Amino acid sequence: MASTWSDSRIVESTTASASETQIGTDINVPQNQTWLLNGLFGAHSQGGTFRIAVDSLSGMNGIRIQNSTDGSTLSAAGNGSSEIYPANFVVQGPAVIQMFTTNDAATSGTAKAMINYQVTQA
């Protein structure tokens, strides 16, 4: 019998580049799990874009404008401007998910990315 639950992962790293840089480490989807990714969030103090890459979804572009310059809150200054991007794609394990940032300026700061997902485990 399969079980299902919702979860999230946050990756972060200090980034001081305007070139694309991986945020944190790889996220591994286990062989016996299927993840329905349903939300994405990316932030860095300099703004810019972020991208999700999934090794099993090679045709996916995955680029989005960063949600916020404040990675500690979903709504910087409480104004509702940092909503999570909705997503709707399936990742069948085993797979590797990576998050990347391309900042508008090469100023050091903490880049953060979050994925929300529903897990189905066989």
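This is a predicted model: local features need pLDDT of at least 70, side-chain atom pairs count only at pLDDT 80 or more; totals for chains, interfaces and linings use all residues.
Me: How many helices and strands does the protein chain have?
Reply: Going from the N terminus, the elements read β-β-β-β-β-β-β-β. So under the DSSP runs used here, the count for the protein chain comes to zero helices and eight strands.

Me: What radius of gyration does the protein chain have, and what would a compact globule have?
Reply: The C-alpha trace spans about 50 × 30 × 20 Å along its principal axes. For 122 residues, a compact globule would come out near 14 Å, and the chain agrees with that, at 15 Å.

Me: What share of the contacts between residues at least 6 apart in sequence joins residues at least 24 apart?
Reply: A contact here needs heavy atoms within 4.5 Å. Take the pairs at least 6 apart in the protein chain, then keep those at least 24 apart, and you have 78%.

Me: How far apart are the mean positions of the positive and negative charges?
Reply: There are 4 positive and 8 negative charges in the protein chain.

Me: Is His44 buried or exposed?
Reply: His44 is found in the loop between strand S3 (33-43) and strand S4 (48-54). Leaving out residues up to four places away in sequence, His44 touches a list of residues that includes Thr15, Gln66, Thr101, Gly109 and Ala111. Its relative accessible area is 1%, and the cut-off for buried is under 20%, so His44 is buried.

Me: And Ala106, buried or exposed?
Reply: Ala106 is another loop residue, found between strand S7 (95-103) and strand S8 (109-121). Its relative accessibility is 54%, and the line for exposed is over 50%. That makes Ala106 exposed.

Me: Which residues does Ala106 touch, not counting those up to four places away in sequence?
Reply: The C-alpha atoms of Ala106 and Ala18 are separated by 4.7 Å, though these residues sit 88 residues apart along the chain. The residues Ala106 touches are Ala16, Ser17 and Ala18.

Me: How many aromatic pairs turn up in the whole structure, and is the one with Trp35 and Tyr117 stacked or tilted?
Reply: The search finds two aromatic pairs. In one of them, Trp35 and Tyr117 have ring centres 3.9 Å apart and planes at 10 degrees. Trp35 lies in strand S3 and Tyr117 in strand S8, 82 residues apart, and both are buried. With planes under 30 degrees apart counting as stacked, the Trp35 and Tyr117 pair is stacked.

Me: What kind of aromatic pair do Phe50 and Tyr85 form?
Reply: This pair links distant parts of the chain, with Phe50 in strand S4 and Tyr85 in strand S6 (residues 85-92), 35 residues apart. Phe50 is buried at 2% relative accessibility, whereas Tyr85 is partly exposed at 26%. The rings are 6.1 Å centre to centre with 45 degrees between the planes, and the pair is tilted.

Me: Which residues does the cis peptide bond join?
Reply: Look in the loop between S6 and S7, where Pro94 has its place. Omega is about 5 degrees for this cis bond, and the residues joined are Gly93 and Pro94.

Terms used: Residues are numbered from 1 along each chain as its sequence is written. Side-chain values use heavy atoms; hydrogens and water are left out. Helices (H or I, at least four residues) and strands (E, at least two) are DSSP runs, numbered from the N terminus. The radius of gyration is taken over C-alpha atoms; the globule rule is 2.2 Å times the number of residues to the power 0.38. Lys and Arg count as positive and Asp and Glu as negative; His and the chain ends are not counted. The place of a charge is taken as NZ of Lys, CZ of Arg, CG of Asp or CD of Glu. Buried means under 20% relative accessible area, exposed over 50%, partly exposed in between (1.4 Å probe, protein chains only). Rings of Phe, Tyr and Trp (its six-membered ring) pair if their centres lie within 6.5 Å; planes under 30 degrees apart count as stacked, over 60 as edge-to-face and the rest as tilted.
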